[in-house]
Amino acid sequence: MHLSVIGSGYVGTTVAACFADLGHEVVNVDVDESVVDTINAGEAPIHEEGLPELVAEHAGPGGTGRLRATTDYHAVLDTDCTFLCLPTPQNDDGSIDLSIMEAGAESLGGILAKKDDRHTVVVKSTVVPGTTAETIAPIVAEESGKTLGDDLGVGMNPEFLREGTAVADFRDPDKVVLGANDEATRSVMGDVFDPLIAAADDPAVVETDTTTAEMVKYANNGFLAAKVSLINDIGNICKEFGVDAYEVADAIGLDDRIGERFLRSGLGWGGSCFPKDVAAIIAAAREEGYEPPMLSAAVEVNDRQPERFLSLLDDHVDVAGLRVAVLGLAFKPGTDDVRNSRAIPVIEGLRERGADVVAYDPVAAENIRDHFPNLAYADSAAAALEGAHACLVVTGWDEFGALDDEFDAMAEQVVIDGRRAVEPRDRMDYEGLTW
């Protein structure tokens, strides 16, 4: 099929490259010329495992030609189906800001007015229940002059891609959710995903309406966020009793009603999905007159973890005027995304304590400079640790677990580990957050 993907962020670029790898002809539309040029050169504009290889294989010199990028919305006229992968940022009250999505829908509709054939538009961005049917579809229909259900279909296909493993998650999904309010739209969406369903390990295919599909995404992330906050709350209790929360998690994870995934207690969740999605569904529920206590508690527990982490440091040393190394700036290993990273409140807390902070991350340092332009950044973990009195492990990169004899300085420091990434060694003053 001929597909267009509007937006080339973490979701849009990954989805476009993976669709091309399934055999579709894909054009990625974005307003950022530098991102477009990067893709057309056969390079990935973001750090994501497996993505550079896919972009190089299908775009740029020597590629299959099944993936290209452009700033020209007219490219959608040569496609059968368009996926909207645009940002839905968070307002101050937690609700989602639909302005970018609405602008994208207007632009898309204006271009589709020039197309005679039926076109299918699929919302991939995370939006609160009712948005696709009540906001996006009417905008596209009005701007294009097309009739919904006849010569225009608008569906909803939520994404469940984890940053750091997004390519693998796309290729082998647990489920594919196809939200559509008419059979023709659902049929086109099925055609798009048929190659994936055939190649993947028997994923469940959920066919539903657009509003239910939107709710599935929020329910999915809300449940996982609450699970992480619950194990962190349990982990905090374990710490008070001198119990290793990871040993407890191993045992309860054997219960198939609980499962072992998302039981790694620590500093909490960040990134673009959990914070924004949980806040958005809480705000949406409140607009409908319902106060969701469980989700609100999950947010509260998560927000408290960085300060609890810093309080453990306070128990060991007054860091005022001392050099403190922060290892890890990305919100999780495997990505350069720093949105809602736990490193942000940790660094802010260290600065409030008067510490001389030096930070290191293998890929995310440049992205966090907008938050901390005057922070000292090291080129390696060894450089960050040199001369430091304390070390805080914020992101669980594998390389931090391999800081062996060559980093003897760490053995003389206070090490507060928020991710169980470091093995304690002789002479090291080590403290785990929940163990």
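First entry: α8 and α9 are oblique to each other. On the scale I use, angles under 35 degrees count as roughly parallel, over 145 as roughly antiparallel, 65 to 115 as roughly perpendicular, and the rest as oblique. I am working on a predicted model, where local features need pLDDT of at least 70 and side-chain atom pairs count only at pLDDT 80 or more, while totals for chains, interfaces and linings use all residues. Residues are numbered from 1 along each chain as its sequence is written, and side-chain values use heavy atoms, with hydrogens and water left out.

**α8 with α9**

I looked up the angle behind that label: α8 (residues 210-240) and α9 (residues 245-252) pack at about 130 degrees, with axes 9 Å apart. The axes are lines fitted to C-alpha atoms, for helices over the stretch in contact, and the angles run from 0 to 180 degrees between N-to-C directions. The element names follow DSSP runs numbered from the N terminus: helices are H or I with at least four residues, strands are E with at least two.

Which residues make the contact? From α8 I noted Ile231, Gly235 and Cys238, and from α9 Ala245, Val248, Ala249 and Ile252; contact here means heavy atoms within 4.5 Å. By class that gives 6 nonpolar residues, 1 polar and no charged. In this scheme Ala, Val, Leu, Ile, Met, Phe, Trp, Tyr, Cys and Pro count as nonpolar, Asp, Glu, Lys and Arg as charged, and the others, Gly among them, as polar.

**α8 with α10**

Next I checked α10 (residues 274-287): its axis and that of α8 come within 9 Å and cross at roughly 115 degrees. That makes α8 roughly perpendicular to α10. The crossing is left-handed. On the α8 side I listed Met215, Lys217, Tyr218, Asn221, Gly222, Leu224 and Ala225, and on the α10 side Phe274, Asp277, Val278, Ala280 and Ile281. The class count for this contact is 8 nonpolar, 2 polar and 2 charged residues.

**α8 with α11**

With α11, the axis of α8 comes within 9 Å and the crossing angle is roughly 40 degrees. So α8 is oblique to α11, and it passes α11 in a left-handed crossing. Among the α8 residues here are Gly222, Ala225, Asp233 and Glu240; they belong to a set that meets α11 residues including Leu295, Arg304, Arg308 and Leu312. I get 6 nonpolar, 6 polar and 5 charged residues for this contact.

**The cores**

How many residues does the largest nonpolar core have? It has 54, and those with the most contacts inside it are Leu313, Leu327, Leu329, Leu350, Leu392 and Met410. I take a nonpolar core as a set of buried Ala, Val, Leu, Ile, Met, Phe, Trp, Tyr and Cys residues joined through side-chain atoms within 4.5 Å. Buried is under 20% relative accessible area, exposed over 50%, and partly exposed in between, with a 1.4 Å probe and protein chains only.

Elements giving two or more residues to this core include α11 (293-316), β9 (323-327), α12 (343-352) and β12 (390-393). The largest share, 5 residues, comes from α12. A second, separate core of 37 residues includes Ala16, Phe19, Val55 and Ala200.

I then went through α12: its buried residues are Ala343, Ile344, Val346, Ile347, Gly349 and Leu350. They pack against α11, β9, β10, α13 and β12. Just after α12, Gly354 takes a positive phi of about 85 degrees.

For Leu327 I skipped residues up to four places away in sequence; it touches, among others, Tyr360, Leu392, Phe400, Leu403 and Met410.

**Single residues**

Gly155 is in β6 (residues 152-156). Is it buried or exposed? Gly155 counts as buried, at 0% relative accessibility. Its C-alpha is 6.5 Å from that of Thr185, 30 residues away in sequence.

I also noted two non-glycine residues with positive phi. Phe262 has about 65 degrees, sits in the loop between α9 and α10, and is partly exposed at 27%. Asn340 has about 60 degrees, lies in the loop between β9 and α12, and is partly exposed at 37%.

How values were computed:
Left-handed = near helix turned anticlockwise from the far one by under 90°.
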